Amino acid sequence: MCGIVAYIGSKNAPNVLIDGLTKLEYRGYDSAGIAVINKDKIDVYRSVGKLINLKNMLDEKKPVSNIGIGHTRWATHGKPSYENAHPHSSFGISLVHNGIIENYLDIKRNLADKGYKFESETDTEVIAHLIHSNYKDDIFEAVKVSVKQIKGSFALAVISVNEPDKIILARHDSPLVIGISDGENFAASDIPALISYTNKFIFLEENDIAILTKNSVTCYDFEGKKTDREVKIVDINPVMAEKAGYRHFMQKEIFEQPRAIIDTIRGKYSLENGELLLDELKSIDIKKYRRVNIVACGTSWHAGLVGKFYIEKFAKIPVEVDIASEYRYRDTIIDEETLFIAISQSGETADTIAAMRLAKSRGAGILSICNVIGSTIPRESDATFFTHAGPEIGVASTKAFTTQVIALLMLALYFAQEKQTLNHVEIRNILTEIVKLPEKMEEALKLDSHIEEMAKDFKSFPSFLYLGRNVNYPIALEGALKLKEISYIHAEGYPAGEMKHGPIALIDKNMPVFIIATDSKVYDKVLANIQEVKARDGIVIATVTEGNKDVEKFTEYCIKLPAAVEELSVFLNSIVIQLLAYHISAELGLDVDQPRNLAKSVTVE
Ligand code: F6R
């Protein structure tokens, strides 16, 4: 949801800003802009549409400056337009904002009474004028006073023409990270924007204001009291945020999955002893909890649904899985005997954060599964299992999903170990299968060209049904979501057993039905579902386990996957649904990595 970036130093700021925005474009891409201080004025450059439009404008105008701020927008207040694009300005003050100001209409009325004129429909322009109205001769003081007058969420970067040697940053409920280097400093919504310049970061905390100069970073709270913020070294290889020869980030990220799984489980088990080594979870005494609430949004919610199977099967703890935006508004039963598990790739999803805070306020233990170090969710959790997927740039989640699922499996085994619902031999047997998984995923990825060919036959169908059972039912949901997101084809995911209760009415010769039929204890039931679809002329696409001879009698679109225990078949089936969605979108010539209307990180409710 919007990306912001700021720079002060001796490089040419517009170049650094554009470079940073390029890495943040996954957060929003309907307009973009930068503001730089140029002697005694601020020059603002804005353009509608993708960042390339702004880049072209700057290539032509060639602005030069050592200090500036930049923004890539995902519209909330006001449609994508030149006027609504950031930065917004007020008499020598410019700012960029990520978040939503809830009381902007009240503030706007007051400012209008004082004579301020508004050129945009945004909540952000209101903050620019508010800061100006509070400005005497110190931009830090003006921001400090203003942030107390605004309600909502914000990450702000502010510059003033009168003080060209500093940038003021402020954060409340929206992420903001400072990058530190020699004689220059940076700020951005997310680390990938800055990782090619530095590996030293300060993660601003809730209600922090910071002053950034070329040679210093000073942090305060909203009362103006200095705060100590630790400088952390982050080891992300900058190449991880590049396409590395792939056509799209999504394609690269699909292919990175075996590596991401290895990185996520590395050092967390002893195969020899049949033991899980999750030191980071030591503060969670699982025996204390009578129930688990898993809460997340979108794809992370689908991972949570798989996690329910694992935790109930191995650790014998009842699990409820909720969509965060629902959980937070119903009369949820939460108490000290509830373990709340937040799953979030970004760690910044507004609804998941709100649900987590609600559970915390009721005394639940808070555990999170997250891919972004320093983000809000792990910071506010009692313990975190970090996935090591690396930066995920494609808006449609792929490697973040499978690493969340493996994290949930490791978690379930750890709980089983602590509760002694599995013995070490049983744990070793499952770990032995997990260790073989990345190789099987590599095998599944070899189906890429086969699936690419299939995609050509399916790109023109208006609607799809995805069916799965048991642990693969969430993969059917995920398959439908992937297809919708990036190819704009309508798709629904269903538990296969539910088909007869409604969706079967949709099936005719124009309805492709993707059915997960890999080996499982419900295989015979799924085979019956395939026959039911065929009996109604539906087109079946099916995943099966190598050696299967039944399903090819019903369809030419039979995708054969390496044999795996049912709990691990989800990883192989995930690769197939991801590749199918990817190739259909690519065949249609759509913007795979930045599908319309979406943003990677949903930091507003
Ligand atoms: C879909 C997708 C989204 C996210 C959802 C939650 O491909 O990426 O559905 O899964 O917005 O995001 P996180 O995991 O960052 O909380």
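User: Before we start, what should I know about the model and the numbering?
Analyst: It's a predicted model, where local features need pLDDT of at least 70, side-chain atom pairs count only at pLDDT 80 or more, and totals for chains, interfaces and linings use all residues. Residues are numbered from 1 along each chain as its sequence is written, and side-chain values use heavy atoms, with hydrogens and water left out.

User: OK, how is the chain divided?
Analyst: Into domain 1 (2–240), domain 2 (242–441) and domain 3 (448–587). Those bounds come from an automatic or database domain assignment.

User: How far apart are the centres of domain 1 and domain 2?
Analyst: Their C-alpha centres lie 33 Å apart. The contact (heavy atoms within 4.5 Å) takes 17 residues from domain 1 and 16 residues from domain 2.

User: And what area is buried between domain 1 and domain 2?
Analyst: About 1300 Å², with carbon and sulfur atoms giving 56% of it. Buried area here is the accessible area (1.4 Å probe) that two parts lose on being put together, summed over both.

User: How many salt bridges cross that interface?
Analyst: The rule finds one between domain 1 and domain 2. A salt bridge here is a side-chain nitrogen of Lys or Arg within 4 Å of a carboxyl oxygen of Asp or Glu. Arg 357 and Asp 173 are joined by a salt bridge between their side chains, at 3.0 Å from N to O.

User: Switching to the ligand, which residues are closest?
Analyst: Ser 300, Ser 344, Gln 345, Ser 346 and Thr 349 are the closest of the 13 residues that surround the ligand. To be near, a residue needs a heavy atom within 4 Å of the molecule.

User: Which atoms of Ser 344 and Glu 485 come up to the ligand?
Analyst: For Ser 344, a polar side-chain atom lies 2.6 Å from an oxygen atom of the ligand. For Glu 485, an N or O atom in the side chain is 2.8 Å from a ligand oxygen atom.

User: What about Thr 299?
Analyst: There a polar backbone atom is 3.1 Å from an oxygen atom of the ligand.

User: Back to salt bridges: what's the count?
Analyst: By this rule, 37 salt bridges. One further pair to look at is Asp 106 and Arg 109, whose side chains meet in a salt bridge at 2.7 Å, N to O.

User: Why are Asp 106 and Arg 109 about one helical turn apart?
Analyst: Because they are three residues apart in helix 3 (residues 104–113). Helices (H or I, at least four residues) and strands (E, at least two) are DSSP runs, numbered from the N terminus.

User: Which peptide bond is cis?
Analyst: A cis peptide bond joins His 86 and Pro 87, with omega about -5 degrees. Pro 87 sits in the loop between strand 4 (67–73) and strand 5 (88–90).

User: And what's phi for Lys 62?
Analyst: Near 50 degrees, a positive value in a residue other than glycine. Lys 62 is in the loop between helix 2 (51–61) and strand 4. Most residues other than glycine have a negative phi, and most peptide bonds are trans.

How values were computed: Polar contact = N/O pair within 3.5 Å; in protein donor to acceptor, adjacent residues only side chain to side chain.
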